[in-house]
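Work through the exercises below with the sequence and the model open beside you.

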Amino acid sequence: MRSQIFHKFGAALLLLTLLIVPFVMSYFGKTFWLDIFTRLIILSIAASSLSLLLSVAGLASFGHAAYIGLGAYAVGIPVYFETYGGNDFLAGYNGWWHLLLAVSVCALFALVTGAISLRTRGVHFIMITMAFSQMIFYLLVSLEEFGGDDGLSVDLRSEFALLDTVVLDIEEPWIFYLLCYVLLLLVLFVISRITHSHFGRVLNAARQNEQRVRALGVNPYGYRLFAFVLAGVIAGLSGVLYANYAYFVSPGMVEWTRSGELMFMIILGGVTSLFGPLIGATCFVLLEYFLSRWTIFWHLPFGLLLLGVVLFGRGGIVGLLTRRRRGELEP
Amino acid sequence: MSVLQTNNLTKRFGGVVATDAVSLSLEQGKVHALIGPNGAGKTTFIAQLAGQLMPDAGQILLNAKDITKLSEPERVRAGLTRTFQISSLFSDFSVLENVAFSVQARTGHSYRFWSKVASNARLNATAADLLELLGLSEKSQEKAAALSHGEQRQLEIAMALATEPKVLMLDEPMAGMGSEETQRLIELLGKLKSETTLLLVEHDMDAVFALADDLSVLVNGALIASGPAAEVRTHPEVISAYLDSGT
């Protein structure tokens, strides 16, 4: 009970910090911190969506970056046509249209690839999800019209019209940050509810002991497929945000190392907690920033650190903190 | 009346005939014990009935309906549930959650995304009743992994009962239980047979003879005798092949 209160307190503190720090830093003229924190929040949304598969359902999907890419191109391509003409039915800056495109494309892609991937287990599942995301990668590379390897730049951010007259001006960095922040809260809330629902319990049980779930009369396949689609859609949402954040989309967003990074964030933060992916993404982005300022060979200490967490930090950062609280760690 | 019936059920693994044209019939409301030496193919037989293994030939009928082609979850929903020889639990769940999930599995689909399942009073109450029945009430908040071996065996049965089976197949439920626990379980199974037909695979002969109405003996995948327990006990082939060998 005490550790639960501690957990809630820590989570509230983290969320509050994420809300306040970038604004305080901006106030003192260091506006790039708002930029770093925006990226951090967007990656947290993607990592949280993956944690629904990885932590709750025990499905190590290694192709999650594909959905970020699809979501991003759902912004990039309509904006491209709006600028350069052609395909009027797609073209536009309308953010709701971008969202609709991203959600439907990601849901469809997840439904088809999930239906196939979920027939496999373990290493095969990891490889097949990775293969599907590589297909998207090479597809995007081959699209010469949309810049191929080099990607597309997005000249203006999506327009989110609320009612008829009010437009959410996300060109303004702090409004965009607040939008991302609110969406993160929403995503965390939805994932939390789902994890503790009837549906979530089936996923959880099937992760622990699939044989027994079947022997109790439940085929986990449909539940897993639904979770797979849901996680894909949420990652697509983060892709829409990412394209707007970077004013740029490229196949690089779909590279398999990106999928690996999302996994690292979850493991770094801790798989048992709702806030693990958020903590992991925060540490990931901040470490990346500080280490790369320190040395151009920043991948080396970064890799060693990740190795250390995987080897010794069972349960990631959340696990480390709560174990110390419970006094399970050596004094 | 026959509830569960197999006709010439056959399963081969390469050159080994694990189940050799077994025709067995379970009568409504009775305890049917299946005995045989280690490696006789009892667990393979159960696995085919449960749908984890598909037979090479033969038929399985549940209430005169052919279920040979049904998947494992479909058979459970049709009323045929098994327990496992090695306890198969959800080790991260509490004891109550293990049973509550089993109740949840029976009560329709679980595409419900919003309400908190842990505070679902109906699931928890049904689960608590089952734990009471198995004498596990005091342990309901403990993690399943923290239970003693005997308690895990009891939880295993509570979970199977939660599916409200018409036929319950128990794969060595007494294995590794203390004598007191065994006695308790024998009493419980005796009470159960008014509602459920039981197929009992068991090495504990005291339990078998205390409970079984009917008895079948499986040796090298083939049924060498099947019928009322009192008759099969005295069957000369059975005595020489099995009962006499001191197992």
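**Exercise 1: Confidence in chain A**

Find where pLDDT stays under 50 in chain A, and state how many contacts beyond four places in sequence the model has there.

Solution. pLDDT, the predictor's confidence in each residue on a scale from 0 to 100, stays under 50 over residues 327-331 of chain A, and for this stretch the model has 3 contacts beyond four places in sequence; two residues are in contact if their C-beta atoms, placed from the backbone, lie within 7 Å. Where pLDDT is low, the predicted coordinates should not be read in detail. The model is a predicted one, in which local features need pLDDT of at least 70 and side-chain atom pairs count only at pLDDT 80 or more, while totals for chains, interfaces and linings use all residues. Residues are numbered from 1 along each chain as its sequence is written, and chains are lettered from A and ligands numbered from 1 in the order in which they are written.

Among the elements, helix α13 (residues 316-325) of chain A has the lowest confidence, at a mean of 72, whereas helix α9 (residues 221-246) of chain A has the highest, at 98. Helices (H or I, at least four residues) and strands (E, at least two) are DSSP runs, numbered from the N terminus.

**Exercise 2: The overall form of chain A**

Decide how the radius of gyration of chain A stands against that of a compact globule.

Solution. The globule rule, 2.2 Å times the number of residues to the power 0.38, is compared with a radius taken over C-alpha atoms. For 331 residues a compact globule would have a radius of gyration near 20 Å, and chain A agrees because its own value is 20 Å. As a further step, the C-alpha trace of chain A spans about 60 × 55 × 45 Å along its principal axes, and the secondary structure of the chain comes to 13 helices and 4 strands.

**Exercise 3: Where the chains meet**

Which element of chain B gives the largest share of the side that touches chain A?

Solution. Begin with the totals: 28 residues of chain B are in contact with 20 residues of chain A. The largest share, 5 residues, comes from α3(B).
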